[in-house]
Amino acid sequence: MIFQCVIHQIQRIDDTIANFENAFGDTPPEKMSEEKFKDFLNHHFLSPGHELLNCTPDGWQDNPEKLMSIVDPELREWALQLNAIWKKLCKEMDQKVSINPEKYSLLPLKHKFIAPGGRFREPYYWDAYWIIKGLIASELYEAAMQMVYNFANFIEKYGFVPNGGRVYYLQRSQPPMFIPSVYEIFDATQNASFVEEMMPFMVKEFEYWHNSGHQYNITINNNNYTVYRYRAQSNTPRPESYKEDVATAASANFTDKVSKQRIWRDLATAAETGQDFSTRWFADKKTLETIETTNVLPVDLNSFLCWNMDILSYLYDEVIRDDDESEKYRNILAKHRRAVHARSHAFDYPGGVPHSMVRDVDQQWDFPNGWGHINHMIIEGLRKSEAPAAQDAAFSLATKWVRGNYRVYKATKHMWEKYDVVGTIPVPGKGGEYEVQDGFGWTNGAILDLLVTYADRITAGNVGDDTTTPATSTKTFSQSMTNITTQTTSPSVASTVTSSKSTPSTTTTNDGKTFSLNFCE
Ligand SMILES: OC[C@H]1O[C@H](O[C@H]2O[C@H](CO)[C@@H](O)[C@H](O)[C@H]2O)[C@H](O)[C@@H](O)[C@@H]1O
């Protein structure tokens, strides 16, 4: 995991390379002296975080009105503590980076940002949406806009928003949340000039998903569909996880170039999904070596893009007042919109909804891990539905999620990237390529938004309180879920996540490729 610790050079690049060659020549990595190698690193690179400065988000206040409106005193106090964590996660680029950008892996950033926390010191694309929701709950509107401005600069320079703010993330993106982020800020502030300023970047970001191999045409039952898939631009090991990806190709017994390039693209593509790694992307639903991410047509990406279209149509209509453009996106949406059916027992766990029902696989995006932003997305999809049973279920899940996070916070004094949702008191999640991280930007953002949304009625409860029973019984609820579709008329989060495939169907496309259909029925 060298890249996680070695991120900026002290000397000129040519000198670093020359000194490396002098010191190690052609010695293969496994034969290099560890001590000598560490010594080389210490002399040529600075330790992590040197290129970033701590900061306070603009406009930060101790007691934002929205958080003070949370009726339960315990949860209100907790929300204020989470509000204070923004100051720990706030970062800005040291100006020395702009003088010698080639010495740093950080992509230059003009504005302050909120980092996820732990090993993740740079801005991450899809994390930002939930961080922004939390900043809005904390009334930090300027800070929320700064997150978006940094991404607009990326779109201007690179044509898209990379996975994260590092050079080694430039070959892939993450779930498309730029347009929803602009929408949420507009919804909270009614700042029309912000939307006008961001519109060209929104359009450019939307177009990115129509190129770069993301768009795909399929024929099912003689009907032609244009759908979207994730697809990284690289077919080499991920630079930040080089060792891991080389090892995966070796344990898959791939020796020829084509097979290696295929698996490396699929590994990088899993990082583009934001769910690295999950059995969702494994052909055998068990082992990483069978990964085939580019062969999956994922329900979530297709739903996110439907939502992007809906927002563009709405903002062109409401803010820009351009009927033609609004209609253009409405028509694109009409072609893509599908019913998304969800059927799952994922709601039965006391700590929230796990990311998948696949057990015993040690991947961070599988059972028993539940993620804050995903639970938030499910809650919002249900809450914005017109069905009372779904709205009750939203509150029930919000209560579970909030209480679970709160109990872990009281026990560990930290907010975590993911949680094990099984057990009356959940614990931090585990599994995957790295240790569970604390901080944590999108977890905090999701909680703050839920606390403000349900400020008048959500309570901390006591351990042992029945937080598991939904307002309707699980059976009735599962049945009613199958009838919930993404038929929203104004932008809202689609209820996509619980439909994750446990029994995927497959289809063969015009060019003879077989895809797992993790999409719409
Ligand atoms: O280095 C491993 C992976 O780390 C990141 O992914 C995870 O953390 C991100 C930040 O919170 C999050 O956006 C992502 O969903 C997580 O899986 C990074 O984004 C990956 O590219 C990288 O492979």
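Asn221 takes a positive phi near 50° in the hairpin of β6 and β7, where two residues sit between the strands. Strands here are DSSP runs of E with at least two residues, helices are runs of H or I with at least four, and both are numbered from the N terminus.

This is a predicted model, so to read it: local features need pLDDT of at least 70, side-chain atom pairs count only at pLDDT 80 or more, and totals for chains, interfaces and linings use all residues. Residue numbers start from 1 along each chain as its sequence is written.

Back to the strands, which count as paired if DSSP finds at least two bridges between them. Here are two pairs:

| Pair | Sense | Bridges | A facing pair of residues |
|---|---|---|---|
| β6 (residues 215-220) and β7 (residues 223-228) | antiparallel | six | Tyr216 and Val227 |
| β3 (52-54) and β4 (residues 90-93) | antiparallel | three | Asn54 and Lys91 |

β3 and β4 also belong to an open, antiparallel sheet of three strands, ordered β3-β4-β5. Its edges are β3 and β5 (113-114), each pairing on one side only.

Now for helix α2, residues 13-24. Just after α2, Gly25 has a positive phi of about 50°.
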